[in-house]
Amino acid sequence: MPLPQPDLPEPAHHTVDSMLSRKFGKEVANYFSGSPLNRVSFLRPDHAFLSQALNHPSTTFLLFNNLEPLIKSSSELAERTFADVKPVLGEDPFHRSEEDQIAQYNSSLYQPQIIFLGLDERKPGFVYKEHYKGQPWFAVDVTPKESVKDEAEKLIAGLKGEGLDFSKGRMNTNFPAAEAAIYAEARHLLDWNARNPFCASCGYKTLSINAGFKRTCPPKDIASAVTNAGERPPCATRTGISNLCFPRTDPTVIMAVVSADGQKILLGRQKRWPPNWYSTLAGFLEPAESVEEAVRREVWEESGIHLGRVVIHSTQPWPYPANLMIGAIGQAIPGGETVHLGHDAELEDAKWFTADELREALRVGTSGLGEGPGPGYKEGGLRLPPKTAIAHQLMSAVANGFATGSPMI
C-alpha cells in the first residue's frame, strides 16, 4: 500500500480574482514549491542580521547528516535550537563581516556549512530594523568530519537517544507541503556548497559567503605557502563583475504529450521501473535552446513523436540535486504520431494511452516507485507517479482538458 500523499501547496493569492486566472485557470503549485519563508535575500550579506537571527530564541534549525535531514518520522522534520548545534558551529559563525572573512581566510580551518533559509512571517518573535519580522530558519550540516568530528558524533548520538534519526534514502516526498519546500531549499544549498569546495578557474579552495548562497575565491589564504603573505595566484573569478560562484540550478523539461486529436496521451517507461509503471517524458534543457525546442527535441529523440505547439503548464523545484522541472504540454502533429524508440536507448517502452486508461490510473494506480498501487488497482493496469510529482499534475491537466478546453472523452 502506498503512503498517504501530502497535499500540494496553495498558489500565491489564489483567492484573488484576476484576468490571468479567468483566462488560464488557477495556478498550479507543485510539491517542493510554496515555501512559507520570506528569503530576504538582500540581508544575507548583513552579518549583524545573521548573528542576531542565529541567537534568537525562536530560531529553528534543520540538521543534515550527509544530506539526510533529521526527522521525527517519515512525514515530519525535526526542528532544533541553536543550543543543539552550538558545540558544532561555535559561538557565532557570523561574528565577522564578509569582507573580514575573505581577508582573514584560512583554508586549514573547517567551518560546518550553515544556510540562512528565511523568515517565517506567520510566527512572531524576531524583529530586525522594524521591517523584517518572523521566525528565522537555518540549515546546518552536522556530518562528522575534520575538526568537528567528535562534537558532531556526540550531537548525533544524543539526538538518536531522543528517538530521532536522519532519514534513509535519497528522496523525501512525505513531508507536509510547507516543510517540503523549506527542506528542498536547505538540501539544494547544502548539496551545492558540498560539490563546490574548489574554484573552477584556479583550483584553490573556495569560501562560502552570503549565508550559504555564494562561494568566492579569496585572494589570500593564511594557510597558503605560496608566499609569506599568503597571496594566491591571480584568478579570473576576481576580475570583472562575475567574481563569484552562485548556486547551480539545472533546467529540465518534462512534458505530457497529447495526440493530434487530443484524445490520447503518450507515456514512457524506463527498464528499472516496476511493471506497468509509466510517466511523462523528460530531459535536460541544452545550451542555446528554448524550452519549447527542448520539449520537441527530447520527445522526438526518446519516442520518435513529432510535436507542434508546446505550452508551459507549471514548474517544480526538485532538489535531487538541483533541478527545476519545467512542466509543459505538447501536441503531436498529424502524421507524426508513430512511436520509434531507435534514437535514444533511455526508454524501454513508449505508447499511447486512452482517456479511460489514464483516468483509471490516476484514480487507483498512483504511487511512489518503491510502493504498491492504491486500493482498487487491478493487476496489469497502468501505474503512475504520485501527485507530489509534476508528471502527475501534467497528466491530470490533460485528463481535465488543459489542452483541448474540455475533459478528454
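A search of the whole structure finds 23 salt bridges, a salt bridge being a side-chain nitrogen of Lys or Arg within 4 Å of a carboxyl oxygen of Asp or Glu. Side chains of opposite charge can pair when their charged atoms come close. The model is predicted: local features need pLDDT of at least 70, side-chain atom pairs count only at pLDDT 80 or more, and totals for chains, interfaces and linings use all residues. Residues are numbered from 1 along each chain as its sequence is written, and side-chain values use heavy atoms, with hydrogens and water left out.

**Stop 1: salt bridges**

Select Lys26 and Glu10. Their closest N and O atoms are 3.3 Å apart, in a salt bridge. Lys26 belongs to the loop between H1 and S1 and Glu10 to the segment before H1, so the pair ties together parts that are 16 residues apart in sequence. Helices (H or I, at least four residues) and strands (E, at least two) are DSSP runs, numbered from the N terminus. Lys26 counts as exposed at 55% relative accessibility, whereas Glu10, at 47%, counts as partly exposed. Here buried means under 20% relative accessible area, exposed over 50%, and partly exposed in between, with a 1.4 Å probe and protein chains only.

Next, select Glu91 and Lys86, another salt bridge, in which the closest N and O atoms are 3.3 Å apart. Glu91 is exposed, with a relative accessible area of 57%; Lys86 is partly exposed at 32%.

Then select Lys160 and Asp165, whose side chains meet in a salt bridge of 4.0 Å, N to O. Lys160 counts as partly exposed at 46% relative accessibility, and Asp165 is partly exposed at 30%.

To see a network of salt bridges, select Glu286, Glu289, Arg297, Glu298 and Glu301, which are linked in this way.

**Stop 2**

Select Met19, Leu20 and Phe24. These residues make a nonpolar surface patch of about 390 Å². Patches are made of residues with over 30% relative accessible area and no salt bridge; like charges are joined within 9 Å and nonpolar side chains (Val, Leu, Ile, Met, Phe, Trp, Tyr) within 5 Å. Accessible areas come from the Shrake-Rupley method with a 1.4 Å probe, and for residues only the protein chains shown count as cover. Leu20 is found in helix H1 and counts as exposed at 54% relative accessibility.

**Stop 3: Asn30**

Move to Asn30, in the loop between helix H1 (19–24) and strand S1 (37–38). Is Asn30 buried or exposed? At 0% relative accessibility, Asn30 counts as buried. Its side chain is joined to that of Ser314 by a polar contact of 2.9 Å, and it reaches the backbone oxygen of Thr315 at 3.0 Å. A polar contact is a pair of N or O atoms within 3.5 Å; within protein, one must be able to donate a hydrogen and the other to accept it, and residues adjacent in sequence count only if both atoms are side-chain atoms. Apart from neighbours within four places in sequence, Asn30 is in contact (heavy atoms within 4.5 Å) with Pro9, Ser314, Thr315, Gln316, Ile390 and Gln393.

**Stop 4: Glu185**

Select Glu185 in helix H6 (residues 177–195). Glu185 is buried, with a relative accessible area of 4%. Leaving aside neighbours within four places in sequence, the residues in contact with Glu185 are Leu37, Arg39, Phe116, Leu117 and Phe213.

**Stop 5: backbone details**

Select His13, in the segment before H1. His13 is not a glycine, although its phi is positive, at about 55°. His13 is exposed, with a relative accessible area of 67%.

Asn276 also has a positive phi, about 70°, although it is not a glycine. Look for Asn276 in the loop between strand S12 (264–269) and strand S13 (281–284); it counts as partly exposed at 28% relative accessibility.

Finally, display the peptide bond from Tyr320 to Pro321, which is cis, with omega near 0°. Pro321 is found in the loop between strand S14 (307–318) and strand S15 (323–332).

**Stop 6: the annotated domain**

Select residues 247–375, where UniProt places the feature "domain: Nudix hydrolase" in an unreviewed entry. UniProt positions are given in the numbering used here, feature names are shortened, and annotations may be inferred rather than shown by experiment. The end C-alpha atoms of residues 247–375 lie 42 Å apart, and the span is 18% helix and 36% strand.
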